[in-house]
Amino acid sequence: MAESVALDQPLDESTARKGRSPGQDAWREFRRNRIGVAGLIFIIFIILVAIFAPLMSPYGYATQNNLNSRAKPMTAYTITTDYLPNCHWAGTPLEWGCTIFFTGSDALGRDLWSRTVYGTRVSISIALVASTVSLLIGSIYGTVSGYAGGRIDNFMMRIVDFLYAVPILPLIILMQVYFKALARQGVREGLTGAIIELNQQMGGMLFLFIALGALNWIGMSRMARGQVLSYKNKEFIEAAHMIGASNSRIIFRHLMPNILGPLLIAETLAIPGYIFTEAVLSFIGLGVNPPTPSWGQMISEGYQGLRSNPHLVLVPGAALTILTLAFNFMGDGLRDAFDPKLRGRK
Amino acid sequence: MSENGTLIKVDKLTKHFPITRGIIIQREVGAVQAVDKVSFEIRKGETLGLVGESGCGKSTTGRTILQLYRPTSGKVYYGDADLTELKGEELRRMRRNMQMIFQDPYASLNPRLTVGNIVSEPLEVHSIGNARERRERVQELLRLVGLSPHMINRYPHEFSGGQRQRIGVARALALQPEFIVCDEPISALDVSIQAQVVNLLEELQETFGLTYLFIAHDLSMVRHISDRTAVMYLGKVVELATRNELYTHPLHPYTQALLSAVPIPDPSKEGKRQRIILEGDVPSPANPPKGCRFHPRCPLAIDICREVEPEWREVAPDHWVACHLV
């Protein structure tokens, strides 16, 4: 095509074929990976569920009545007037739906389906916020450290080594216990009061965000630094120096786009870990505040009656499993797409 | 020969890379003497060839002249300006006059940018023209290096090695520099493509009156392209002469050994070619030999070579050499 056009003619931009960037290539590759795409679609679905949770749950997640304690799935129970204001499906009142719990109810008579649906909000916000926080802090810290090199790099990495040596999970548990105790005492003044207030507003998720972000940026910063070191001495970076580009231009235009792919993949693959950590913390009572529903907390509440009422554990447990699997599949698909060398044999 | 004005003057240029030990407190335990007290001039409009074996400091010399590496000591003059003194904005402005073409066309182009963005980046960095003017200039540059302007929106991985090297040339030309360091621009290319790129470089030199420092290890290619040729060994320039003088009357024993390794494309003569085989390996630049750096391998070495460093002097008009025996 190019050969047929005289070289000295002015170029009509519209005839210039747009090339495919490495990112576009990776996306095409990713689309061929069925399990990865299925994971992505499921994650999008769960995000939609989280956003539109009120429309997808027939009852409120906190509405309770002891008469309906531990209802079995799909069995008819007396729904009292407590439930009725919330009894609808996608906005339309449900006459028949208001007589049953699809997946049963918990010890306090709260609808398990509604709680599971609202539980996506906790898991998804943890997944998105914790990964964004750790990616942002980690990639900037690591890039600066690797790019600066020499003494600065040495110093910054020793800080990271130090933080690695500190057992952060016990520290987070202590922090949670401390702030929860303060909250119970009703501290309202100063910075501590403000933090507690904000945490209450977020249903107890603020500390989880901080904890997970603080826990994971360290590994991310090491990875970012390693990536920067492998690119820093490439000739195209030298070429950028040669034309007089500033350091920030080199970092943001030349380094970042090249290192971001592997970091994003690592972050996607770390998300199941975040969701699990949240579940674990909620399971031991250090996660979100009741009555905010979190899958870990629901499992924790249900496991005592596991034999007589297995659905109390199975429903949130299944949701947790499928969501983490979806993130894992998507992460694997992304990794294969960005780095074909790592792809398993077909 | 070209006009006689000096464009670049390199005066006792030295670049040592420190070797450090220790994790937190780093001590310097030595230095790799990549380039050691090198002096020469590059004249306006000429091509100075720089040859030598791997690791002898050719590329470091080129990069230090361009201030990509800051010299340990010594001066580099561009006209009247001392490049080693320039910093920040002044150096950035100076960069418009000097550019570099890199060795590896696969590593020298950012894989995430389109050809258009790569070539227009120098213009953007120096705020030349608006977006539309830059776009036109990029198309003009692509035509100049023999690429179709239609390739403006493609990515580097869609091109062959030779085409990529042309993109690198277009980027180097974007700021209309006077002086270009060609750092082994053809050694990563197929032989059939090498000639094309060299011819392109020659054409561009003629059109724009460019001055080249042409770094290579291919002696016949350097003979073809350069006006004068410098030979480096272990961080030192050992001989510098006009092309024909150097290739016909090499004075330094290392140059003689180097040139004797070039095959002659004539079977009857090739059979009689006398090879000077050097003994041993190149010593480590972290611990170069005392006296003349070449003496441990020099077939002609005498006592003084082991003690005293030979002086860099002009033994005939335009023929410089550093050897006690000349």
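How many of the residues in chain A are buried, as a percentage? Buried residues come to 48% of the 346 in chain A. Keep in mind as you click around that this is a predicted model.

**Stop 1: chain A as a whole**

Select chain A and switch to cartoon. If you draw contacts between residues at least 6 apart in sequence, 72% of them in chain A join residues at least 24 apart.

**Stop 2: two helices in chain A**

Next, select residues 190-201 of chain A, which form helix α7, and residues 205-232 of chain A, which form helix α8. Their axes are 6 Å apart, and the helices pack at an angle of about 105 degrees. Angles of 65 to 115 degrees count as roughly perpendicular, so that is the label for α7(A) and α8(A).

Show side chains where the two meet. From α7(A) you want A:Ile195, A:Leu198 and A:Asn199; from α8(A), pick A:Met205, A:Leu206 and A:Phe207. Sorted by class, this contact has 5 nonpolar residues, 1 polar and no charged ones.

**Stop 3: B:Lys58**

Hop over to chain B and select B:Lys58, which is in helix α1 (residues 58-65) of chain B. Is B:Lys58 buried or exposed? Its relative accessible area is 4%, and buried means under 20%, so B:Lys58 counts as buried.

Look at what surrounds this lysine. Leaving out residues up to four places away in sequence, B:Lys58 touches B:Leu50, B:Val51, B:Gly52, B:Glu53, B:Glu184, B:Ile215, B:Ala216, B:His217 and B:Met232. Zoom in on B:Glu53: its backbone oxygen lies 3.3 Å from a polar atom of the B:Lys58 side chain.

**Stop 4: B:Asp36**

Last stop: select B:Asp36, in strand β2 (residues 27-43) of chain B. B:Asp36 has a relative accessible area of 7%, so B:Asp36 is buried too.

Which side chain is joined to that of B:Asp36 by a polar contact of 3.3 Å? Show B:Arg293 and you have the partner. B:Arg293 also turns up in the list of residues that B:Asp36 touches, along with B:Leu13, B:Thr14, B:His16, B:Gly235 and B:Lys236. That list, again, does not count residues up to four places away in sequence.

Conventions:
Residues numbered from 1 in each chain as written. Chains lettered and ligands numbered in written order. Predicted model: local features only at pLDDT ≥ 70, side-chain atom pairs only at ≥ 80, totals over all residues. Heavy atoms only, no water. Buried < 20%, exposed > 50% of the residue type's maximum accessible area, 1.4 Å probe, protein only. Contact = heavy atoms within 4.5 Å. Helix = DSSP H or I, 4+ residues; strand = E, 2+ residues; numbered from the N terminus. Polar contact = N/O pair within 3.5 Å; in protein donor to acceptor, adjacent residues only side chain to side chain. Axes fitted to C-alpha atoms, helices over the stretch in contact; angles between N-to-C directions. Parallel < 35°, antiparallel > 145°, perpendicular 65-115°, else oblique. Nonpolar A, V, L, I, M, F, W, Y, C, P; charged D, E, K, R; others polar.
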